[in-house]
Amino acid sequence: MHPKYHLAIISDGQTAYAVPELNAVGLSGYFDPIIVSGDFGYRKPDERLFAAALTAMKMEPSEVLYVGNDMYRDVYGAQKLGMKTVFFKSNQGTQEKEGVKPDYIIYNFPELLNAIRFFEEQ
């Protein structure tokens, strides 16, 4: 089976914790690459983390839909490189950042399918 979408993770954390957590919930096999900021020595929104994911996926920013729950670290970081963004509005992360506006907002995970359809129709 070939997935329709290439999935990657960019996480601010430590590999010793992030990867076992993904393994514990059975999700690690869905993501390649898994970029963990602790391995690089800098955190999101540093462009180098997003660039590392693009390089590993062999994709251009215009081909990527980045989903994150922090307006500064995720949305701002991804938009600096030209990625389309979906903001997952939750009780975590920075909810607003002056001058930053996501391309789409979701409030729960099932809404991500609506966001994907929205971008496919553009």
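1. Alanine 18 lies in helix H1 (residues 15-24); helices (H or I, at least four residues) and strands (E, at least two) are DSSP runs, numbered from the N terminus. This is a predicted model, in which local features need pLDDT of at least 70, side-chain atom pairs count only at pLDDT 80 or more, and totals for chains, interfaces and linings use all residues. Residues are numbered from 1 along each chain as its sequence is written, and side-chain values use heavy atoms, with hydrogens and water left out.

2. Alanine 18 counts as buried because its relative accessible area is 13% (buried means under 20%, exposed over 50%, partly exposed in between; 1.4 Å probe, protein chains only). Leaving aside neighbours within four places in sequence, alanine 18 is in contact (heavy atoms within 4.5 Å) with Ser11 and Val36.

3. Helix H3 (residues 71-80) has Met71, Asp74, Val75, Gly77 and Ala78 as its buried residues. Their cover includes helix H2 (47-57), strand E3 (65-68) and strand E4 (84-88).

4. At the start of H3, a side-chain oxygen of aspartate 70 comes to within 2.9 Å of the backbone nitrogen of tyrosine 72. Just after H3, glycine 82 has a positive phi of about 95 degrees.

5. Threonine 85 belongs to strand E4 and counts as buried because its relative accessibility is 0%. The side chains of threonine 85 and glutamine 79 form a polar contact of 3.0 Å (a pair of N or O atoms within 3.5 Å; within protein, one must be able to donate a hydrogen and the other to accept it, and residues adjacent in sequence count only if both atoms are side-chain atoms). Not counting residues up to four places away in sequence, threonine 85 touches several residues, among them Val75 and Ala78.
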